[in-house]
Amino acid sequence: MNPVIDLLKSHRSIRKFTGQSIPRDLFRSILEAGQSAATSNHVQACSIIHIRDPEKRRQMAELAGGQSYVADCSDFLVFCADMKRSIDAAARAGAEVQTGMTEQHIVATVDAALMAQNVAVAAESAGLGICYIGGVRNNPGPISELLELPKFVYPVFGLCMGYADQDPEVKPRLPLEAILKEDRYHSDEDSRQVREFDDTMNRYYLERTGGNKDTTWSEQLMPLFTGKLRPHMREFLAKQGFEMK
Ligand SMILES: Cc1cc2nc3c(=O)[nH]c(=O)nc-3n(C[C@H](O)[C@H](O)[C@H](O)COP(=O)(O)O)c2cc1C
């Protein structure tokens with residue numbers, strides 16, 4: 001259709017990297033492309049921590065749930081929702097700042113996600129592979145200490161970047177009709193569409209694993225909604241100044 005749309009539709013997460021380094025000028029322009037993302041009220045509420053120290057990288061891999069690709073990729077970035085810079089700037093400009101508002105948390109988290117996705121697409125457009133690492137929220141306290149994150153900053157996720165040493169298939173998505181609703185929210189077709197998608201995902205998993213992974217999309221969702229997922233996040237966010245007022 002057009003090369004950008006083709007690129008977006010060919011995305012797949014990469015979890016095995018060659019040891020090759022990304023040239024520094026390319027790395028820099030990928031990050032600058034990240035900065036061009038739209039940003040709520042021009043607040044630019046994201047900071048990226050580039051983990052260069054190999055020992056810190058090893059610790060990050062451990063703290064993110066023992067994900068080896070965090071240590072093995074060419075570059076690992078932690079995207080932080082960052083309200084500190086703008087709170088300080090507004091205070092210097094004379095504002096009596098209100099902190100801890102839920103909306104500020106949303107703004108900063110969305111900004112971090114938009115910047116990261118620009119970085120991801122820019123990297124993929126240059127032939128690199130990426131993988132988001134939500135595992136950084138497994139241990140946000142120790143990670144924030146390791147990265148010396150101040151109040152009003154929290155790590156949203158990490159991003160592995162490097163040259164792919166694998167060529168996984170593109171993972172299917174729900175049919176567009178399932179997520180695109182006309183004029184109002186309607187869920188009448190949900191169960192049929194999900195059933196069909198479960199079949200699609202079951203075939204995908206079976207093929208990908210030579211018959212070993214016999215599961216569906218719905219079954220894969222179960223841990224998300226049975227156990228309490230990362231129950232430490234509420235307290236952690238409050239401690240970082242995101243009290244959700
Ligand atoms: C915010 C976020 C966090 C993620 N965290 C992890 C992670 O910690 N480890 C991992 O291997 N993949 C992680 N992923 C990758 C997803 O598992 C992956 O995007 C999803 O299964 C769809 O597959 P695809 O990216 O290959 O299309 C994460 C993705 C997102 C968007």
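**Helix packing and ligand shell in a predicted model**

Helix α2 crosses helix α6 in a right-handed manner. The contact between them involves Ile-30, Leu-31, Ala-33, Gly-34 and Gln-35 on the α2 side, together with Met-115, Ala-116, Asn-118, Val-119, Ala-122 and Ala-123 on the α6 side.

- Helix α2, which covers residues 24-35, packs against helix α6, which covers residues 102-125, at an angle of about 140 degrees, and their axes are 7 Å apart.
- Because of this angle, α2 counts as oblique to α6.
- Sorted by class, the contact of α2 with α6 holds eight nonpolar residues and three polar residues, while charged residues are absent from it.

**The ligand**
- The residues around the ligand include His-11, Arg-12, Ser-13, Arg-15, Gln-67, Phe-157 and Lys-171, and also the run Cys-131, Tyr-132, Ile-133, Gly-134 and Gly-135.
- Strand β3, made of residues 129-133, supplies the largest share of this shell, namely three residues.
- By class, the shell around the ligand consists of four nonpolar, five polar and three charged residues.

**The whole protein**
- The secondary structure of the protein comprises 11 helices and four strands.
- The protein has a radius of gyration of 20 Å, which is close to the 18 Å given by the globule rule for 245 residues, so the protein is as compact as a globular protein of that length.
- Along the principal axes, its C-alpha atoms fill a box of roughly 60 × 50 × 40 Å.

Conventions:
Residues are numbered from 1 along each chain as its sequence is written. This is a predicted model: local features need pLDDT of at least 70, side-chain atom pairs count only at pLDDT 80 or more; totals for chains, interfaces and linings use all residues. Axes are lines fitted to C-alpha atoms, for helices over the stretch in contact, and angles run from 0 to 180 degrees between N-to-C directions. Helices (H or I, at least four residues) and strands (E, at least two) are DSSP runs, numbered from the N terminus. Angles under 35 degrees count as roughly parallel, over 145 as roughly antiparallel, 65 to 115 as roughly perpendicular and the rest as oblique. A crossing is left-handed if the near helix is turned anticlockwise from the far one by less than a right angle, and right-handed if clockwise. Two residues are in contact if their C-beta atoms, placed from the backbone, lie within 7 Å. Ala, Val, Leu, Ile, Met, Phe, Trp, Tyr, Cys and Pro count as nonpolar, Asp, Glu, Lys and Arg as charged, and the others, Gly among them, as polar. A residue is near a molecule or strand if its C-beta atom, placed from the backbone, lies within 6 Å of it. The radius of gyration is taken over C-alpha atoms; the globule rule is 2.2 Å times the number of residues to the power 0.38.
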